[in-house]
Amino acid sequence: MIIALLLALQLGTTPVHDRVILGGRVVDPASNLDAVRNIGLTGGRIAVITTAAIRGRDTIDATGLVVAPGFIDIHAHGQTPETYGFYALDGVTTALELELGTADVAAWYDEHSAGERINYGVSIGHIKVRMAVMHDAGTRMPVGDGAYRAASPQQVAEIVKGIETGLHEGAVDIGAGFPYTPAATRDELLAVFRVAARARTPIHVHIRPGVTGLKEVLALADETHAPLHVVHINSSGGAETPALLELIAAARARGKDVTTEAYPYDAGMTEIQSATIQDVYKTAPDERLAELEWPRTGERLNRESFERYTRSGGPLVIHTNTEQMVALAITSPLTTIASDAYWQDGTGHPRTTGTFARVLGRYVRETHALSLMDAIRKITLMPAQRLEARVPAMKQKGRLRVGADADITIFDARTVIDRSTYREPSLPPVGIQHVIVNGVSVVANGQAVEGVAPGKAIRAPR
Ligand SMILES: [Zn+2]
């Protein structure tokens with residue numbers, strides 16, 4: 001490329017890029033650039049960011065639009081062509097399943113090796129490995145011994161070995177979810193945290209609820225020195241979210257490697273058969289069942305319908321948080337935005353399709369609770385930085401700079417907003433105009449581009 005540039009200078013002409021993005025408001029949190037620039041892309045990377053005129057074989061007119069690094073979602077459960085399509089329309093160029101993860105990292109990456117619409121990756125998941133070791137019959141979450149039986153010392157050793165194997169096979173990091181594996185003892189969890197500490201890899205944990213849950217996981221991280229990432233602090237914190245954020249700030253002030261994330265919705269969603277639902281609602285007073293919504297019909301549950309739907313299985317909406325707590329979590333400088341995208345058998349949570357447009361529309365434009373620069377930092381640079389110690393390829397993402405991967409999201413800050421709801425969770429947002437993955441458009445003029453799969457594996461070096 002340097003030779004091509006010198007030749008071009010000698011000839012007195014400017015190089016012709018593969019593609020150019022002209023006249024957009026370029027916002028890059030890593031450099032704090034917020035100015036109108038032209039960007040040239042060559043060979044899937046950013047070749048130039050300039051005020052000068054540039055030429056390309058293909059031109060995107062970004063006049064009046066914001067040009068940002070592609071959004072990075074580090075908590076996305078759907079990893080299918082359908083959900084990658086949803087994420088792309090919400091501006092996401094990299095979607096990683098780091099909480100549940102998988103029990104077989106090599107097979108997982110093999111299944112995606114033909115390429116996907118956006119960049120993809122997975123963790124080695126304590127929940128999934130435990131399900132395999134304990135021979136649990138659940139398909140997505142543990143429903144038998146994976147949840148409810150304590151592991152023998154030999155089984156703990158097998159779980160540890162399974163996690164180490166996943167890391168050797170290039171897992172992005174380790175995932176865990178204590179409410180889904182209530183029988184896992186502290187010794188078992190300590191053994192898992194020791195693997196994270198040895199590998200210096202973050203462990204992404206869905207904690208038990210509230211301050212007690214956070215203190216438990218902070219103690220495990222303290223004792224083992226494992227880097228810790230606490231998933232969806234909004235839903236794990238509920239009314240205690242302010243106290244949780246203070247505990248995380250205090251741990252960071254003590255020099256601990258602790259981070260967290262939030263999603264911008266006041267209801268959660270999970271499988272009705274999972275331990276996290278059954279352990280709470282099977283014995284809860286009947287009136288608390290009204291916190292639960294069956295999304296296929298919109299009905300609030302009672303004892304009879306709870307038991308009926310428990311037998312059939314399926315996703316459930318859980319109304320236990322307030323917008324005030326969500327806003328606090330979203331706007332805290334501690335949080336990355338991550339969707340916790342959840343999609344199952346044609347339905348799911350609206351966060352699957354609307355998380356990022358909602359942050360930009362609601363919290364930046366409508367309520368001014370976040371500056372545009374801060375919001376973009378939370379959805380690009382911060383998630384990339386969280387992962388780059390173990391996955392150096394992430395240093396080329398979440399930034400707009402020469403040499404970085406050409407993962408770019410272009411949106412209209414005046415109109416961007418989510419449209420999906422609990423009843424209509426698949427509705428795409430508006431205002432996300434162009435989404436480019438490794439130099440290739442997957443969304444153009446607000447519409448999905450069909451038949452493209454430029455997304456690559458995000459994987460730790462083996
Ligand atoms: Zn999750």
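Trainee: How much space lies in the second largest pocket?

Mentor: About 570 Å³. Keep in mind that this is a predicted model.

Trainee: Which residues are closest to its centre?

Mentor: His77, Gln79, Glu97, Lys128 and Arg140, out of the 24 residues that line the second largest pocket.

Trainee: How does the lining of the second largest pocket split by class?

Mentor: Nine of its residues are polar, eight are nonpolar and seven are charged.

Trainee: Switching to the largest pocket, how much space is in there?

Mentor: About 730 Å³.

Trainee: How many residues line the largest pocket, and which lie nearest its centre?

Mentor: There are 42 in the lining. Nearest the centre are Pro209, Ser235, Thr276, Ile318 and Thr320.

Trainee: Which elements each supply at least two residues there?

Mentor: Helix H9 (233–237), strand S15 (268–271) and helix H11 (275–281).

Trainee: Which one gives the most to the lining of the largest pocket?

Mentor: H11, which contributes six residues.

Trainee: What about nonpolar, polar and charged residues in the lining of the largest pocket?

Mentor: The lining of the largest pocket has 18 nonpolar residues, 15 polar ones and nine charged ones.

Trainee: Back to the second largest pocket for my notes: what does S9 give to its lining?

Mentor: Four residues, the largest share of that lining.

Methods. Residues are numbered from 1 along each chain as its sequence is written. This is a predicted model: local features need pLDDT of at least 70, side-chain atom pairs count only at pLDDT 80 or more; totals for chains, interfaces and linings use all residues. Side-chain values use heavy atoms; hydrogens and water are left out. On a 1 Å grid over the protein atoms alone, a cavity is a set of points where a 1.4 Å probe fits but cannot get out, and a pocket is an open set with protein on both sides within 12 Å along at least five of seven lines; lining residues have an atom within 4 Å of a point. Grid points are joined across faces, edges and corners, and a volume is the space filled by probe spheres set on the points. Ala, Val, Leu, Ile, Met, Phe, Trp, Tyr, Cys and Pro count as nonpolar, Asp, Glu, Lys and Arg as charged, and the others, Gly among them, as polar.
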